[in-house]
Every structure is written in structure tokens, then in C-alpha cells.
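Welcome to the tour! Please open the structure in your viewer and keep the selection tool ready.

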Amino acid sequence: MTGTTPLGREERRQRAVEGLLTADAALQERLDRLARLTRLSLDANWAGITVLDEDSAWFPAAVGFEKRPLPRRQTFCHTTTALDEVLVVPDARDDERFADLDLVRSGAVTFYAGHPLRDPQGNVVGVLCVFDTRVRDLDEDQRRALVDLAALAEEELTSADDMAAAERVQTSMLPSTALDAEGWDVSGICLPALSVGGDFFDYAASSGVIDLVLGDVMGKGTGAALVGAGVRAALRGTHSAVTAGVDLGVTSTQVAKALLPDLERTGAFVTLLHVAIDADDGWTRYVDAGLGLALVRRADGSVQALLSEDLPFGIIVDAHWTEHRLSLGPGDRLVIFSDGLLDLLPPDADWTAEVGAMTAAASDVRDLLRMVTDLARGRGALDDVTVVAAFRALQEQDDPADPAGEDA
């Protein structure tokens with residue numbers, strides 16, 4: 001019989017803990033808030049959440065003491081984790097398990113109470129604990145409060161772990177590098193308001209055609225991210241048809257109809273803009289499914305908004321989408337973005353002028369994305385902010401004939 005050797009209890013616990021080591025600032029603040037509530041509820045000097053990592057103990061939450069890592073075996077929570085049960089120590093000086101701890105011998109801690117925090121698989125990933133200098137105990141109400149507060153702490157820790165995993169998956173599905181297309185600078189950025197969000201973008205090039213899309217699923221968080229991943233995959237499946245010149249209105253209508261049952265079940269709708277650019281002559285086709293947030297900043301300084309009256313995916317069963325066309329000449333810059341960027345602009349601002357000015361000021365696409373990132377961090381994004389841009393190099397070339405005229 002072959003197979004892997006089952007992991008021991010401590011090995012399983014350590015693997016579960018590793019997912020908590022990337023806790024972000026927002027989670028740290030929520031856990032600190034919970035620790036403050038625990039200290040008040042249990043009338044203690046200090047409260048915190050302890051996580052044991054290999055031979056160290058660290059504190060994602062601490063109230064009344066410094067978040068300084070300690071040797072694991074110099075903590076009460078080492079024993080609580082091993083016992084996997086609530087531990088109350090009225091006087092640690094008289095308890096042989098703890099009398100030799102540095103904190104006890106120095107007189108810093110006399111009383112301790114800790115509640116193990118478990119993940120959905122039952123691994124102890126942390127301990128909610130309180131400390132005091134007095135000899136004391138917990139009354140019945142305080143013991144119930146410790147149980148309730150530990151349940152909240154468990155939820156925060158384990159949901160944060162799940163969210164971190166979802167964030168890693170969503171990030172891995174976005175293009176990781178700028179697009180390498182001769183004469184074109186193409187890249188994008190997605191800044192979720194939460195760890196994950198409903199915005200997505202994608203781009204690829206083949207057969208001399210740059211195929212790019214930006215979408216925005218109604219809502220934020222993991223649910224919107226799952227819908228966005230499905231829409232992105234469906235659109236990616238049309239890449240061969242798009243680069244072969246199939247009408248984008250046809251491909252968009254087919255994708256929307258295929259997605260409709262899922263969108264109806266989840267109560268979601270999706271706005272997006274899908275673009276196909278001929279890299280040689282700049283001839284550009286696009287479908288705008290209710291996004292309405294794209295512009296071209298021309299080399300001559302003018303700004304043109306891309307317009308459409310088509311609906312988002314998931315609104316009407318029998319809706320159809322229409323392909324529009326325009327030409328991107330040398331020095332022209334196409335920018336598409338989600339409505340989260342609008343929240344960062346001055347109130348009542350003309351977004352075509354504001355985004356057009358940013359686009360003109362950028363030295364390249366990377367510079368534009370840096371400006372957006374700085375803006376989101378400086379003003380505090382309330383919604384997902386996603387931008388994808390395609391800048392055509394300013395170079396001399398023959399003036400290509402426009403085979404069908406511009407209708408944007």
C-alpha cells in the first residue's frame with residue numbers, strides 16, 4: 001500500500017497557522033478592537049490573541065502590552081494550544097506548569113485565562129487570552145463572554161485566511177506583466193476595495209491583434225470575484241474568434257447568453273468593455289456592455305469618450321450587443337476603467353477631462369497606473385479601482401485608409 005504519511009497534530013496545526021502570517025493591517029485593527037472588548041468584558045489588565053509559529057509566539061492583537069514575539073515555551077498559550085481547551089489559571093505562582101515562566105517570576109503576570117481558536121478543520125490556530133497581576137478567577141458571566149468573544153475571533157482569523165487564499169487566486173488570474181506588442185504599451189491594474197473584488201481585466205495578443213477587456217461585477221468581495229472569474233474565462237474563450245475578425249457584437253452576445261443562467265441565479269450583472277486592436281494600423285473594434293468609462297486621448301490633445309447604449313450582461317434575456325469602431329493613430333492613448341476611479345475624482349468633476357489630463361501627463365502606461373495607485377491610496381478607495389490602457393507609440397507611418405469610418 002502506497003501513500004503519504006498522515007501529518008501529526010502539531011504539523012497540521014502549523015500548516016494551518018502559516019496562512020495567518022500575512023494578516024493585513026485591516027485585520028490587525030479588527031482583532032485589536034476585539035481584544036479591547038475582551039479586556040473590558042473580563043476586567044483584565046491585558047488581552048490579546050496569540051498565534052504559535054514553530055518555536056515563537058506572536059500577537060496579531062495585543063492591548064496593554066507590546067506586540068513583541070516571545071519564545072513559544074515562555075507563554076501560557078503554548079499549554080492552552082496543547083490542551084486544546086479553555087484554560088484558567090487563578091494564580092500562576094502556585095501552578096508548577098507556569099511558575100517558572102519569565103512573566104510569572106518577574107511578577108508581571110499572576111492570572112491567565114485563554115480560549116483556543118480553531119479553524120474549520122479543528123486545528124488550533126490561535127488563543128484568545130487575558131492576563132492580570134491579581135489573583136482572581138472568572139465568574140459565570142465572564143466565562144460565557146470569553147466563549148462568545150473567542151467565537152468572533154475564530155471567525156475573523158479563519159475568514160481572513162480564506163480571503164487571503166481567494167486574493168492569491170484572483171491575483172494569479174490577472175495578467176502579471178505588460179503586453180509585449182511592437183509599437184504598443186499595454187498594461188493594467190486592479191485595486192480591490194476588499195482583499196478581493198468583482199473587477200477584472202485581461203489582455204493577450206496573437207495574429208497581430210491585441211485583445212483586451214475590463215469588467216466590473218456588481219458588488220464586492222468573494223462572491224463578485226467568483227462571478228468575475230467566470231466571465232473572464234468565458235471571454236478568454238472567444239480570443240481565437242476575436243483575433244480572426246469575428247464581429248465583437250456576435251461574440252459578446254454569445255457570451256452573455258451563455259452566462260445568463262448563472263447571472264440570474266446569483267442576482268448579478270456585469271458591465272464590461274471588450275476591445276480588439278489591429279496592432280499594425282490601429283484599427284479598433286469594441287463592444288461596451290454598460291461600462292461607459294473609456295476614452296481616447298489623441299496625439300493632438302483632444303479627448304474622445306467611447307460611447308454606447310448597450311446594456312450590461314445579465315439585465316435582459318434577449319439583449320444583443322453591437323460592435324463599434326474607431327482608429328488609434330500614432331501617439332493615441334486608450335484608457336478603460338471601472339467606476340471606482342470616479343469616486344477618487346473631485347465631486348462633480350468631468351471625468352473625461354480629469355482622466356484625460358492624467359493620461360496626457362503620464363510618460364507611459366506604467367506611469368499612469370502609478371498615478372491611479374497613488375490616488376487610491378491617498379484618498380481611500382471605497383470601491384474596486386481597475387484600469388487597463390493601451391498607448392500607441394508616437395512614430396511616423398503612412399496614413400492608413402479607414403475601411404469603414406469611425407462611429408464612436
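Before the first stop, a word on names: helices (H or I, at least four residues) and strands (E, at least two) are DSSP runs, numbered from the N terminus. Keep in mind too that this is a predicted model.

**Stop 1**

Select V335, F337, L341, V355, M358, L368, V372 and V387, which line the second largest cavity. Which elements each supply at least two residues of this lining? They are β16 (333-337), α9 and α10. The cavity has a volume of about 40 Å³. Colour the selection by class and you will find 8 nonpolar residues, with no polar and no charged ones.

**Stop 2: the two helices**

Now show helix α9 (residues 351-361) and helix α10 (residues 365-379) on their own. In general, two packed helices are described by the angle between their axes and the distance between the axes. Here the axes come within 8 Å and cross at roughly 130 degrees. Angles of 65 to 115 degrees count as roughly perpendicular and those over 145 as roughly antiparallel, and α9 and α10 are therefore oblique to each other. Their crossing is right-handed.

Next, display the side chains where the helices touch. On the α9 side, pick M358, T359 and A361; they meet D367, L368, M371 and V372 in α10. This contact is made up of 5 nonpolar residues, 1 polar and 1 charged. You have already selected M358, L368 and V372, as they also line the cavity of the previous stop.

**Stop 3: the largest cavity**

How many cavities of 30 Å³ or more does the structure hold? There are 2. To see the largest, select A256, K257, L260, F313, G314, I315, I316, V317, A319 and W321, which line it. Its volume is about 40 Å³. The lining here has 8 nonpolar residues, 1 polar and 1 charged.

**Stop 4**

Finish at the second largest pocket, which holds about 360 Å³ of space. Select F59, F65, R68, L70 and L103: of the 17 residues that line the pocket, these are the closest to its centre. Then widen the view to β1 (46-53), β3 (70-71), α3 (76-83) and α4 (102-105), each of which supplies at least two lining residues. Coloured by class, the lining shows 11 nonpolar, 3 polar and 3 charged residues.

How values were computed:
Residues are numbered from 1 along each chain as its sequence is written. This is a predicted model: local features need pLDDT of at least 70, side-chain atom pairs count only at pLDDT 80 or more; totals for chains, interfaces and linings use all residues. Side-chain values use heavy atoms; hydrogens and water are left out. On a 1 Å grid over the protein atoms alone, a cavity is a set of points where a 1.4 Å probe fits but cannot get out, and a pocket is an open set with protein on both sides within 12 Å along at least five of seven lines; lining residues have an atom within 4 Å of a point. Grid points are joined across faces, edges and corners, and a volume is the space filled by probe spheres set on the points. Ala, Val, Leu, Ile, Met, Phe, Trp, Tyr, Cys and Pro count as nonpolar, Asp, Glu, Lys and Arg as charged, and the others, Gly among them, as polar. Axes are lines fitted to C-alpha atoms, for helices over the stretch in contact, and angles run from 0 to 180 degrees between N-to-C directions. Angles under 35 degrees count as roughly parallel, over 145 as roughly antiparallel, 65 to 115 as roughly perpendicular and the rest as oblique. A crossing is left-handed if the near helix is turned anticlockwise from the far one by less than a right angle, and right-handed if clockwise. Contact means heavy atoms within 4.5 Å.
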